[in-house]
Amino acid sequence: MFHKSFLLFILVSLSDVSFAQKKHVSPFPDGVKRVLFIGNSITYAGEFVTDVEAYLTTRYPGMDVEFINVGLPSETVSGLSEPGHADGKFPRPDLHERLDRVLRQTKPDWVIACYGMNDGIYLPIDEKRFQKYKDGIRWLHKTVLRSGVKKIIHLTPPVFDERKGGHPGYAHVLDIYSEWLLKQRTASHWDVADIHGAMKMYQDERIKKDPSFALAADGVHPGETGHWVMAKAILQYLGETDVSKWESVKDALSPVPNGEHILKLIGERQEIMKDACLTRTGHRRPGMKEGMPLEEAQMRAREIGLQVEGLMK
């Protein structure tokens, strides 16, 4: 399923239309200039955000949209934290503490939110914990839209691999959380992109060929392949059906002159800006990297943007 309101559906392949011919086409509706990604450590790692931005930037060189990442490691939307989290150093951060501040300071037009991995606190299914997750997601949805954001797209939780991460029964918890979130497409008319289903299908197929295969070495945090599977699911939900044929982000950018260099620069810009934005908006998670002053980061981001534009000419 995808929504044409988010992204112009392109009916012709890249072989039929050159990048130069498409440079003035925008995939976004008028007025969408900032897309905010929010979530936990998987979002903070941010490879899937970089992959989405690089793919769209190279397909729509005239696009004038900023992709902002404010993912925060360990965070939940449920407000739960297991006893002794982080060896007792600090409880899990709670999105409730910072969401209003993030929305007010970043002023996004759209939000893409990825929660669930931490929200069951790595224990078997429990109705009270499940209710906390549902209440938190509903609160997130309402808070974002009430702030004036035009659209929020929820992502189902990434997969958990018990072979690598332990915690028996937790993969089933995230299956249940994902099923509930997907039901909100019809029950509540929400936008929901299913990264959980895409990751599970990909991993199951690979395990048939190689029983040792895993998307996440620790069961939680996906590697490069897992982030690309996530990015593909988001892009396909947004209407970029052509992305399904690419096995990696590097493959996807291979038709683009200087594609790998562009990917590297966009990743560098994302790294600079996410730490600057997290530092500026504030949080209660110890041990995070101190970002440079936002104004300095924005200046560096503009310089990188000019380099990207030069490589795409």
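**Figure 1. Overview of the predicted chain.** This is a predicted model, in which local features need pLDDT of at least 70 and side-chain atom pairs count only at pLDDT 80 or more, whereas totals for chains, interfaces and linings use all residues. Residues are numbered from 1 along each chain as its sequence is written, and side-chain values use heavy atoms, with hydrogens and water left out. The chain has 11 helices and five strands; these are DSSP runs numbered from the N terminus, helices being H or I of at least four residues and strands E of at least two. Buried residues make up 53% of the chain, where buried means under 20% relative accessible area, exposed over 50%, and partly exposed in between (1.4 Å probe, protein chains only).

**Figure 2. Strand β1 and its two parallel partners.** Strand β1 spans residues 34–39, and five of its six residues are buried. Four bridges join β1 to β2 in parallel, while five bridges join β1 to strand β3 (residues 110–114), also in parallel; two strands pair if DSSP finds at least two bridges between them. On the β3 side, Phe 37 stands opposite Ile 112.

**Figure 3. Val 35 and the largest nonpolar core.** The largest nonpolar core holds 92 residues, of which Val 35, Leu 56, Phe 67, Val 111 and Leu 140 touch the most other members. Helix α10 (residues 259–281) gives the most to this core, with nine residues. Such a core is a set of buried Ala, Val, Leu, Ile, Met, Phe, Trp, Tyr and Cys residues joined through side-chain atoms within 4.5 Å. Leaving out residues up to four places away in sequence, Val 35 touches Phe 28, Val 65, Glu 66, Phe 67, Ile 68, Trp 110 and Ile 112.

Figure 4. Arg 98 is found in the loop between β2 (66–69) and α3 (99–106). With 1% relative accessibility, Arg 98 counts as buried. Beyond its neighbours within four places in sequence, its contacts (heavy atoms within 4.5 Å) include Ile 38, Glu 75, Tyr 115, Leu 278 and His 283.

**Figure 5. Two loop residues with positive phi.** Asp 87 is placed in the loop between β2 and α3 and has a phi near 60°. At 74% relative accessibility, Asp 87 counts as exposed. His 189, in the loop between α6 (170–187) and β5 (191–193), has a phi of about 60° and is exposed, with a relative accessible area of 68%.

Figure 6. The model contains 11 aromatic pairs; rings of Phe, Tyr and Trp (its six-membered ring) pair if their centres lie within 6.5 Å, with planes under 30 degrees apart counted as stacked, over 60 as edge-to-face and the rest as tilted. The rings of Phe 130 and Tyr 177 are stacked, with centres 5.1 Å apart and planes at 10°. Phe 130 lies in helix α4 (residues 127–146) and Tyr 177 in helix α6, 47 residues apart. Tyr 133 and Tyr 177 are also stacked, at 4.4 Å centre to centre and 10° between the planes. Tyr 133 is buried at 0% relative accessible area, and Tyr 177 is buried at 1%. Ring pairs link Phe 130, Tyr 133, Tyr 177, Trp 180 and Trp 190 into a cluster.
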